[in-house]
Structures are given as C-alpha cells and as structure tokens.
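Thanks for asking me to look this over. My notes follow as numbered points, starting with a single residue and ending with the whole chain.

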Amino acid sequence: MEESNNYGHQHPLLLILNQEQLIDYQSGLTDCSRCGEKVSAPCFCCAEHCGFYLHKVCAEAPLELNHPFHPHHPLLLLQEPPSSYTRCVCNFCHKTCEKFIYHCSCKLDFHIKCALFTFNVAENNLKELEHVALQHPLISTENGDEKLKDAAKCSGCWEPLVKYTHFSPDCRFNLHEKCTKLPFKLNHVCHRKHPLALQFNSEQSSCKICGETRGKGLGFIYGCSPCKFAAHIECVSAALDLVVEDKRHEHPFSLFPRGSSFICDACGIEGSYASYICCTCNIMVHKRCTSVPRIIKSKWHDHRLFHKYFLYIEDFRVLNCIMCNDEVSTDHGSYYCSECDVIFHVKCAMEYKNSYEIVENEDEESPDVSSITKVLEWNDAREATVIEHIMHIHHLTLSDRVGEYDKKCCDGCLLPISASFYYCTQCNFFLPKVCVELPKVKHVWYHHCQSPLVLTSNEVFECYACDYWSNAFAYKCEECKKRTCLRCIIALTPGAHTCVGHKHPVFLYTEYTGRCVACGLEFDGLLRCKDCDFFLDHKCFSLPITSQHKSDEHLLSLTYHDDNSYSESYFCDICEERQDPNLWFYHCATCDTSAHVNCVIDEQRFFKLGSIIEGRKDIHEHPVTIVKKIYYYPNCSYYDKPCLDLVLECTECNFIIHNECP
C-alpha cells in the first residue's frame with residue numbers, strides 16, 4: 001500500500017495494488033468516484049477513510065485524449081455530461097453516462113473505461129485481456145447437445161458473439177478475438193481511392209457494401225471520411241465472391257465493382273460499390289439479393305406472392321404496396337399476387353421475419369383459401385347465385401333486395417346489411433358478400449402465433465382485437481385459442497376500405513400515430529385517408545351504422561358530425577353526461593335524441609339473441625340459449641346474483657347464468 005498524490009481530493013490517497021488489500025481496507029462495496037462502477041484493485045483510497053475511491057486507470061486518465069478512432073478532434077475529460085444534455089449515452093457501450101466522461105464537440109461521449117479500452121484496441125495494447133479465457137460460440141446442454149449462447153453482441157463489430165470465439169472480461173465489454181486484431185488501416189477493392197481506417201460508428205452510416213445499417217451507432221466500422229465511405233467490419237473482412245450461384249435464380253451472378261450508385265433490380269433499393277450482375281437476364285442486384293426468395297407466403301395476404309424483377313402492366317395503372325400504401329415501381333423488383341392484383345415492396349414483404357415463410361417447392365400444393373364455399377349456380381355475369389357455405393346447413397341464394405327482409409344484420413359479423421348478400425330460403429340466415437368471400441383459413445399480420453387462424457362459429461368469445469364479446473363468426477388460433485371477430489378481420493386487412501362516414505377510401509397504416517375522428521383518442525396504427533386529414537381506429541371503422549337501444553323504440557343512426565340545432569345542449573340522452581359534437585354519436589331523428597357511441601354499443605352488443613349453444617358440458621348438461629332479460633331478473637345459478645341483460649338460459653330446467661360466468 002503506497003501513498004500517492006490526491007488527484008484533486010482534499011485528503012492524501014493510498015494506492016492499493018491487490019484485491020486482498022482492498023477487502024481488508026474497505027468496510028463494504030463502494031463505487032469509483034469517477035466512473036461510478038464498483039471499485040476494484042488497483043485503486044486509490046482516501047487515507048482519512050472518508051469513502052473516496054478511484055480506480056487507478058480512472059485516476060490516471062489524461063485530461064485530453066487523442067483517439068486514433070476519432071482523429072479530427074481530441075476527447076476532453078469532463079467531470080459530468082454537458083448541461084445541455086437531457087441524457088448522456090456512451091457511444092461505445094450505449095449505456096448512460098452520469099459522472100466523468102470523455103466528450104467531443106461533435107457529440108461523441110464515452111465512459112472513461114470505454115474511451116481507454118477502445119484506445120488500447122487501436123494501439124493493439126490489450127494486456128488486460130491476457131488473463132481472460134476465450135469463450136467458444138457453442139456451449140453444451142445437459143443432454144449433451146450443443147446450442148447457441150445468448151444474443152449478446154460484440155462491442156467491436158456488433159455481430160452476435162456466437163459467431164466466433166470471444167473475450168468476455170468482468171466488465172461491460174464483449175469482444176471477438178478477431179476484433180482485437182483488426183488492422184487500423186486497410187485497402188479494399190470497393191474503395192480503391194483511399195485506404196479505409198477503423199473508426200467509431202457514431203454517425204450510424206449505412207454500409208456501402210451490404211447497404212444495411214447496424215449497431216445503432218455503436219462499435220467500430222471501416223471508413224473513409226473524405227469520401228463518406230463506410231463499411232461494416234464483417235463486410236470488409238469477408239472476401240467478395242467473384243461468382244454467386246443460387247438455386248433461386250437460374251443463372252449465376254458475377255461481381256461488378258462500381259464507382260457510383262445503382263438501383264437493385266431485385267428489391268428496388270439503391271446500392272453502391274459492390275453489385276452483382278446476371279448477364280443473361282440483364283439485371284444488377286445487391287449481393288444479399290442474389291438469393292431473394294422466389295415465392296413467399298405472407299401473413300399480410302391470403303395467396304402466395306411471387307417475386308418479379310419487372311412487372312408489365314398493360315393499362316399503365318399505378319400499383320401501391322399493400323403494406324405501406326406507397327407506389328411500387330414496376331421497373332424493379334416486387335412481390336406480386338396475380339390472383340388479386342396485389343403488390344408488395346420487397347423490403348416491406350420481408351421486413352419482419354415472423355411475418356412470412358419461404359416456399360421452397362414451387363410445385364407444392366397451396367392451401368385452398370377459398371374452400372369456405374361451393375358454388376352451385378352462376379348467372380350470366382359469372383356471379384355465384386346459389387352456394388353452399390361451410391357454416392350453414394342449407395343452400396344460400398344471392399340477393400340485392402336489402403330492405404325486403406325483417407332480418408337487418410349479418411349472421412357472421414352482426415353488422416347491418418347494406419349491400420348484396422346471400423340468404424337462406426329455409427331459415428333466417430343472412431351473409432353479405434364480403435363475409436361469404438372470406439377464406440376458411442387465414443394468416444393475419446397482427447397475430448404472433450405461426451399457425452393460421454381457422455373460421456369458427458357459435459362459440460362465445462371475447463375478440464382479441466376489439467374486446468367485444470360475441471357468438472358470431474370468428475377466426476380462432478389453435479395455438480393460443482384467441483379469437484378475432486369478422487369485423488376486426490375485415491377492418492385490419494390491408495388495402496382500400498370504403499367508409500360510410502367519409503367520401504374517400506381509407507387505408508391501413510400500421511406505423512402511423514394519430515387521433516381518431518370518431519372517438520377522439522390517439523392510436524398507433526390507423527385507417528387513414530390519403531387525400532385529407534381523416535383517421536379512424538379499426539373499432540370505430542367497424543361501428544354499426546344503425547343500432548337499437550332500450551332507451552328508444554326506433555333504430556338509432558350513427559352520425560358523423562353535429563350541425564343541427566337539436567343538440568345545442570350537447571348531452572347524451574342515456575347517461576346524461578356531456579358529449580363532444582365533433583365526435584361520432586348515435587341519433588334518433590324521430591325522437592330527437594342522441595347518445596354517446598359507448599352508451600349504445602356496449603361490450604355485449606354483438607351477440608345473436610336466441611342462439612343455442614350445444615356440446616358445452618363445462619357450462620351445463622343441456623343446451624343453453626342466449627337471451628336478454630329486461631323486466632325479470634332471476635338469480636344466477638353460479639353466484640346467486642340477479643342476471644341482468646344478457647344471460648345463458650336452459651329451456652329444459654331452471655338453470656340460468658350470467659354471460660360472463662363461463
């Protein structure tokens with residue numbers, strides 16, 4: 001233990017050289033006064049026992065550091081982050097900086113240890129790693145099998161640690177062995193003008209070789225500052241194949257180094273420097289696009305999607321991507337469904353790994369997504385006029401006479417029928433065309449299970465997407481057992497939708513945040529009009545245009561704005577609370593009454609009264625019927641409390657329970 005200068009402290013400091021001395025000296029775990037981490041030997045401690053400790057490396061950190069990875073400006077040691085910062089994050093480890101930091105005016109910030117560690121990497125001075133054992137990318141499990149380690153990343157190249165042997169010291173750094181031996185400068189075929197220098201990835205530059213941006217501004221890259229050229233360590237280190245052959249393309253691709261940018265014919269995204277060409281097909285692509293899948297099955301669409309390098313549209317229509325709703329250039333690559341005339345950007349179709357699967361065998365039979373119906377008769381316009389439907393025992397007949405029947409709503413979605421529909425001539429069963437044309441099996445983009453959803457009916461369920469209870473048609477996941485009602489399935493299907501409360505079509509924007517014009521609430525993901533400032537949540541899009549409520553003998557109509565004198569007081573006639581005239585509401589023109597949407601549409605609005613539920617021995621030994629109690633409220637057979645509103649009732653005995661009880 002040696003006495004040393006005090007490094008700005010008011011008392012003398014003692015140098016502790018080993019951990020045993022430190023344990024004897026300190027009374028408990030303490031932090032370094034500069035870096036804030038747990039102190040370890042070698043370190044300095046206060047001779048007066050005032051609780052002041054400094055790592056030796058922190059104490060001896062220079063006030064100014066000329067870092068090889070940032071040659072343009074020096075890094076200055078500050079006692080705390082600049083006052084203009086709301087939060088300071090280290091550009092190497094991406095963790096918060098709270099005490100002493102190295103700072104550059106170009107907004108580079110590092111912990112003391114991060115700055116000095118990377119300085120030693122640049123100087124190839126890694127003595128502190130000499131005692132650290134190399135970790136291998138594979139570890140053994142209990143049964144003897146090998147599996148990958150966790151998804152931790154190398155602090156240098158930001159690639160997963162599992163790819164190569166690596167050091168994992170007792171600090172925040174993990175480093176591949178190969179990244180400790182990187183040359184500071186090198187020449188590369190993709191940038192012959194100047195050598196590439198190893199530097200911090202602080203500007204989050206996209207790699208000029210692979211075109212991707214990784215690491216969120218962390219770790220190292222190779223770059224040429226004058227030319228604004230940047231490349232990942234992995235891409236620079238990998239040898240560029242002169243010829244690439246892949247079974248997904250019938251001809252080989254050859255390397256074609258370029259001095260300028262190009263548009264990839266496979267994905268339509270700009271590339272530069274390293275391109276690959278197929279001389280037979282006369283196309284130029286990124287290296288990663290030499291193996292772009294020919295056929296994929298996407299959760300965003302019911303049919304297979306085929307990759308097209310070029311798409312010929314005879315009528316010169318503009319085709320918009322069904323996911324992002326932006327125009328797709330048919331001069332470059334896209335995914336296309338010829339059955340539906342639906343198109344995707346390649347980057348959109350393959351953005352989320354769990355949202356698609358690759359179809360390797362082109363001859364493999366595709367599941368029949370239209371097996372929900374069987375057409376028995378056609379008319380001259382090739383419309384199916386008589387069909388068999390898997391959810392009904394009788395034949396269904398096409399009709400467009402909307403107002404001629406007492407039945408006003410669809411048996412599938414329970415929304416009012418307003419267009420052509422199919423009906424049963426033997427019983428009171430109705431389905432509009434949009435519900436008839438839904439597939440039996442369906443993938444949906446917002447459901448995370450891999451198995452598809454299957455159409456079901458006559459089961460009591462709470463919708464996964466809107467939280468309304470129902471016993472109408474639903475799509476059910478066999479993995480998690482969650483169900484989604486038809487209203488949400490239709491509203492959340494990508495593409496153009498007609499909205500009765502708006503003159504233009506609306507499109508689904510899953511990444512857009514805005515305020516719904518119907519309810520006034522803000523949502524992430526909305527149905528949006530391209531032509532004007534109109535946004536709708538999918539629940540409000542699916543509201544019934546008419547609905548009944550016990551407070552009024554007439555049908556209430558959904559109203560989209562209030563410009564009438566009858567609502568001068570702006571109060572709901574059901575709850576008697578104030579209502580916003582700018583939001584949607586229900587109104588009876590005969591009685592001159594109005595009500596909040598949520599007062600009319602409660603969570604049990606979408607039940608089919610009179611429906612019989614059979615085969616549920618977990619509920620009752622006999623079939624039970626869904627009924628609505630209005631004047632007489634018997635006690636629940638489960639909880640001995642009055643059954644109000646919707647209940648399940650047995651007609652063979654006195655059994656009755658609340659709808660929520662099962």
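1. In which strand does S399 lie? S399 belongs to strand β29, residues 396-399. Please keep in mind that this is a predicted model, where local features need pLDDT of at least 70, side-chain atom pairs count only at pLDDT 80 or more, and totals for chains, interfaces and linings use all residues. Residues are numbered from 1 along each chain as its sequence is written, and side-chain values use heavy atoms, with hydrogens and water left out.

2. S399 counts as buried because its relative accessibility is 4%; buried means under 20% relative accessible area, exposed over 50%, and partly exposed in between, with a 1.4 Å probe and protein chains only. The side chain of S399 reaches the backbone nitrogen of R401 at 3.1 Å. Beyond its neighbours within four places in sequence, S399 is in contact (heavy atoms within 4.5 Å) with Y405, S420, F421 and Y423.

3. Setting aside neighbours within four places in sequence, M391 is in contact with F429, L455, T456, S457 and F473.

4. Of the 35 residues in its lining, S547, Q548, R605, L609 and K628 are the closest to its centre. A pocket here is an open set of points on a 1 Å grid over the protein atoms alone, where a 1.4 Å probe fits, with protein on both sides within 12 Å along at least five of seven lines; lining residues have an atom within 4 Å of a point.

5. By class, the lining of the second largest pocket has 16 nonpolar, seven polar and twelve charged residues. For the classes, Asp, Glu, Lys and Arg count as charged, Ala, Val, Leu, Ile, Met, Phe, Trp, Tyr, Cys and Pro as nonpolar, and the others, Gly among them, as polar.

6. Helix α3 (residues 112-122) is mostly covered, with nine of its eleven residues buried. Among them are I112, C114 and F117. N124 follows α3 and has a positive phi, near 55°.

7. Finally, the protein has nine helices and 49 strands, counted as DSSP runs (H or I, at least four residues, for helices; E, at least two, for strands) numbered from the N terminus. Of its 662 residues, 47% count as buried.

Key:
A polar contact is a pair of N or O atoms within 3.5 Å; within protein, one must be able to donate a hydrogen and the other to accept it, and residues adjacent in sequence count only if both atoms are side-chain atoms.
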